[in-house]
Amino acid sequence: MNVPAVTLPASGRPAADAHSAILDRQRARESSARTYARSFPIVPARAHGMTIEGTDGRRYLDCLSGAGTLALGHNHPVVREAVQRTLDSGAPMHVLDLATPEKDDFTNALFETLPKAFAERARVHFCGPAGTDAVEAALKLMQTATGRRGVLAFTGAYHGMTSGALATTGSVAVKEPVPGGGAAGGEVTRLPYPYAYRCPFGVGGERGAELAATYTERLLDDPSGGVVRPAAMILEVVQGEGGAVPAPDTWLREMRRVTRERDIPLVVDEVQTGVGRTGAYWAIEHSGVVPDAMVMSKAIGGGLPLAVIVYDQDYDGWLPGAHTGTFRGNTLAMATGAATLRYVTREGLAERAATVGARMSGRLAGLRSQLPLIGDVRGRGLMIGVEIVDPQGPLDACGSRPAAPGLAARVQEGCLKRGLILELGGRFGSTVRLLPPLVITDEEAESVLERLTEAIAEASGLSESERAAGRAA
């Protein structure tokens, strides 16, 4: 890779000192809202595929992938070639929303990936280059089209940090400090999301999903239920920040039926689940549901900032300038995005994600008996969650142990010590989340499992000999 060497201070201090100095300046200068930098006190200098090298010379396997942005990992040749080709062509880098060959090619590549029934009636709108702005656009679009204000959203949801997106997000911790908890131009009604391990109805499994669907339908039909017919329902097929919680396909089909029968547009947030991550190109395809709108960002830009909404033409009632953004004409992102979208299709990476993800999830689930810190293993494809629990805590109505955020943090620290980067999420931050690139090799998958298993065993208080026995088993 042609990555510039790290320049050390004139004093000639060793790399470790330069590394510490950069971190010290970051802590002194950046806001208190910084997040990943707190969990990972590293200074990446070079990266390729799944490997990051810090300025201190340490190497790490990156199982975070830019929160799912890097479908092809770091500096993939296809992405680098697209960047170089676009730069060499003299294409304008910034054109607002004007048409360019690169934009036309990206749109073609995107529409080629969509479910046929959806693509045939689709319109696309380019947003500011972040998923949260695409959520804002989708909500505004449906409010404009329907003349209604309210939104249906779910427990455990994460849709972004801007006003409307924050209002539909479930996390109390990020909403509480903001007066009003954000605003979506109307009322947000919170509905139960099926979560088998911590079922909101205390029953779990298929029955829990059935109750969630029944509750939603009856609430909407109850003349004294307090819910005015809303502008939209927004949901994630797999809740990412919510702890890699997958929705049952039957429940998704019920949500489509419920919304269609009541003329409520269904918006599916595919910001983190899209582009092969869950084992289908778009996560909604697992259920066969055709939504009214899809929100897309992260991986669609091939690692560069890009966000769009794609929606049914019947809702295209905006006036010119109804939703704008200075950086919605990111030519480089469109070039790298088109290259990434086609590469995922050509190389069968969605199918690869399904295969490798099932193998990794199966191996982790098999460790529950010997590592009781593992309460639940769930997800879809290469979007995996391992919920860490207190093995001595009381069982709840579903037979689940209490969340153990302190132990989860120890697991994360143990992984970093072993050269593995992964994030925490879910309730109380107690779910270890795995989001490796879709190009992860079998050897890298084995290494991820080995390092994670050792970190969980260490957090469990097992001795080295006990951990070695577990590895042998």
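Buried means under 20% relative accessible area, exposed means over 50%, and partly exposed lies in between, with a 1.4 Å probe and protein chains only. This is a predicted model, in which local features need pLDDT of at least 70, side-chain atom pairs count only at pLDDT 80 or more, and totals for chains, interfaces and linings use all residues. Residues are numbered from 1 along each chain as its sequence is written, and side-chain values use heavy atoms, with hydrogens and water left out.

Figure 1. Helices (H or I, at least four residues) and strands (E, at least two) are DSSP runs, numbered from the N terminus. Along the principal axes, the C-alpha atoms fill a box of roughly 65 × 65 × 45 Å. For 473 residues, a compact globule would have a radius of gyration near 23 Å, and the chain agrees, with 23 Å. That radius is taken over C-alpha atoms, and the globule rule is 2.2 Å times the number of residues to the power 0.38. Of the 473 residues, 53% are buried. Contact means heavy atoms within 4.5 Å. Among contacts with a separation of 6 or more, 71% join residues 24 or more positions apart. The accessible surface is about 20000 Å², and carbon and sulfur atoms hold 53% of this area. Accessible areas come from the Shrake-Rupley method with a 1.4 Å probe; for residues, only the protein chains shown count as cover.

**Figure 2. The largest nonpolar core, with 98 residues.** A nonpolar core is a set of buried Ala, Val, Leu, Ile, Met, Phe, Trp, Tyr and Cys residues joined through side-chain atoms within 4.5 Å. The residues with the most contacts inside this core are Phe106, Trp251, Trp282, Leu434 and Leu452. Helix α15 (residues 442-459) gives the most to the core, with eight residues. Another core lies apart from this one; it has 22 residues, among them Leu141, Met142, Ile234 and Ala293.

**Figure 3. The surroundings of Trp282.** Neighbours within four places in sequence are left aside here. The contacts of Trp282 include Leu110, Thr113, Leu114 and Pro115. Glu270, Gly274, Val275, Met294, Met296 and Ile300 are also in contact with Trp282.

**Figure 4. A nonpolar surface patch made by Phe201, Val203 and Tyr215.** The patch covers about 250 Å². Patches are made of residues with over 30% relative accessible area and no salt bridge; like charges are joined within 9 Å, and nonpolar side chains (Val, Leu, Ile, Met, Phe, Trp, Tyr) within 5 Å. Tyr215 belongs to helix α10 (residues 205-221). Its relative accessibility is 39%, so Tyr215 counts as partly exposed.

**Figure 5. Thr51 and the residues that it touches.** Thr51 is part of strand β2 (residues 51-54). Thr51 counts as partly exposed because its relative accessibility is 23%. Not counting residues up to four places away in sequence, Thr51 touches Arg46, Arg59, Tyr60 and Leu61. Pro200 is 149 residues from Thr51 in sequence and 39 Å from it in space, C-alpha to C-alpha.

Figure 6. At 1% relative accessibility, Ala244 is buried. Lys298 sits in the loop between β11 (293-296) and β12 (308-312), and counts as partly exposed at 22% relative accessibility.

**Figure 7. Salt bridges of Arg59, Arg342 and Glu387.** Side chains of opposite charge can pair when their charged atoms come close. A salt bridge is a side-chain nitrogen of Lys or Arg within 4 Å of a carboxyl oxygen of Asp or Glu. By this rule there are 30 salt bridges. Arg59 pairs with Glu53, with the closest N and O atoms 3.5 Å apart; Arg59 is exposed, at 55%. Between Arg342 and Glu112 the closest N and O atoms are 3.8 Å apart. Arg342 is in helix α12 (residues 331-346) and Glu112 in helix α5 (residues 101-113), so this pair ties together parts that are 230 residues apart in sequence. Glu387 and Arg198 have their closest N and O atoms 2.6 Å apart, and both residues are buried.
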